[in-house]
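Morning, everyone. Let me put the structure up, and then we'll walk through a few spots.

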Amino acid sequence: MITISTASNAIGRARVSRLISISGGILVAIAVIAIVVPWLSPNNYLDTDFDNILAAPGLAGAHLFGTDDLGRDLFVRTMMGIQVTLLVALVASFVSLVIGVLYGAIAGYVGGRVDAVMMRIVDTLYALPFIFIVILLMVVFERNFLLIFVAIGAINWLDMARIVRGQTLSLKEKEYVEAARLTGVSTPRIILRHIVPNLIGIVIVYVTLTIPQAILVESFLSFLGLGIQEPQTSLGALVDAGVNQKENAAWMLLIPGGLLALILMCFNFLGDGLRDLFDARQSP
Amino acid sequence: MVKYSLRRLLGAIPTLMVVVVLAFLLVHAAPGGPFDSERVLPEAIKENIDKYYHLDEPLPQQFFRYISNVVRGDFGPSYRYRDHTVTQLIAGSLPISMLLGSLAMLLAVVVGIAAGTVAALRQNSVVDRVVMAFAMTGISIPVFVIAPVLVLFLAVKLQWLPAGWSGSTGAARLLLPVISLALPQIAYIARLTRASMIDVLASPFIRTARAQGLGTYAVIRYHALKPAMLPIVSYMGPAIAGILTGSVVVEQIFGIPGVGQFFVTGALNRDYTLVLGIVIVYAVMIVTMNLIADLIYGVIDPRVRYR
């Protein structure tokens, strides 16, 4: 349906690409700073500075973001939190990407009864209160770092599977797939060599949208004390510590909370923008 | 319609079964029992405890005992709160959580739809940009960040509203928790409404209504609102899931004695029966909400045929 005139569409598109580059740029900058700058700080994430307990952000003792109630440097800890948060999100999204793409591509390509059963399973799983199952998982298996990746990845693959399946349904009608089938290429090989590579565009868009979800789940778990364990930290764990000190040391809450929101916002803008551009090209 | 509802109701049972089986198996796969502590118990006492909680039976037998009890509303004894059954704990804390949740949902629907409609009517204007910027911010700030920040500024710094639950009475103490819970949902619903309203407003029947000389209010109220509501109705299921998740955090932050609080303390205390019971209750709520949303969908859009 044509809702917007071509002129405003072009303007909209320019605005969307500007948003994409701004949010992408901020994310890259945050990641680089979080990885590089802690090396330059004289402090590390463990050492306690007894002369500067709950110090406000400033230059005293090179505590740019101040210190926490144990006198640990919050700048280094926040940067470490960003690293952990981004790492968990990326690995978890990768897990969900692998599961979702394979599942969706198989269901879509094989079709028929297999497809019906596989998608029925997805529908059933959709209605599960996954976050609570993950909490249960964390309780039962002692907050294993690896498990956090897998658990979050295992939640997020459902959307991916649905989208990939839809895309595969139209891809499998293409001539080159028919040609491959005609020359006797096996089904797994067609899926891996002909279907999956052509899904990359849409997959990238939706991965960008699953990353903020993964970040949310990880920080939610860490906030509840069920995720990353001390002395390691993540943005969610830092916010949790900040909540307890908010009256004496507002920066302990505001800095990691603000950065978490900024990162999430950038990923949301990026994903939304990419989807807009992609869909605009898909349905002219 | 009745037939369809029954069919959907039956369809919800496998989902619930998956939840219960998964949760049950997970809890029983736990290394170390709920009664493990530093103190080594004499063998005889351990045996008696296991017997009392039926932990000595084979797993399938335990499972069927549990299921048949759950169906009758009995979630078993709590492992940590020795004087209470899980049913008592949930029944005691559910009303307050339900109150919070439904107020937040109401607020989210009303404000979200209003904001989204206004933005759609003035597409690409300053108003639209501002509303959408707020919506994006609302989506991006997690509940566990926005709630303490609101407390910090509105309760601690400005002292307008009470910061906690126990220190005050009356409706004022509901305000901050409900707003914190509702904000992300307001943002989502506003975005959904804007998108679907723009779509609907571009359709021919709206143009016809306008051509007949109907004012903007009448067009929205009598023609555009209903079809534009469809995506919001489908979003009700995920919305209730979001509010339940948020309530876990909000109850923690404000010290509200609701189900979410028991869930977290239960999780940290390894009170397996309590956690298992709450997961089941949450699952039932989400499945029910999805069902209700499906039925409302059909009422709003008669083109949906009940098969």
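**Where the chains meet**

Start with the contact between the chains: 35 residues of chain A touch 41 residues of chain B. Keep in mind that this is a predicted model.

Which elements of chain A give two or more residues to that side? There are helix H4 (130-140), helix H8 (200-223), helix H9 (235-244) and helix H10 (250-282) of chain A. H10(A) supplies the largest share, nine residues.

Just after H6(A) comes A:Gly184, with a positive phi of about 85°.

**One threonine in chain B**

Now over to chain B. Find B:Thr117, in helix H4 (residues 86-121) of chain B. Why does B:Thr117 count as buried? Because 20 other C-beta atoms lie within 10 Å of its own, and the cut-off for buried is 20 or more.

Who are its partners? Leaving out residues up to four places away in sequence, B:Thr117 touches B:Thr193, B:Met197 and B:Ile220. Then take B:Ala224. Along the chain, B:Thr117 and B:Ala224 are 107 residues apart.

Notes. Residues are numbered from 1 along each chain as its sequence is written. Chains are lettered from A and ligands numbered from 1 in the order in which they are written. This is a predicted model: local features need pLDDT of at least 70, side-chain atom pairs count only at pLDDT 80 or more; totals for chains, interfaces and linings use all residues. Two residues are in contact if their C-beta atoms, placed from the backbone, lie within 7 Å. Helices (H or I, at least four residues) and strands (E, at least two) are DSSP runs, numbered from the N terminus. A residue is buried if 20 or more other C-beta atoms lie within 10 Å of its own, exposed if 12 or fewer, and partly exposed in between; C-beta atoms are placed from the backbone.
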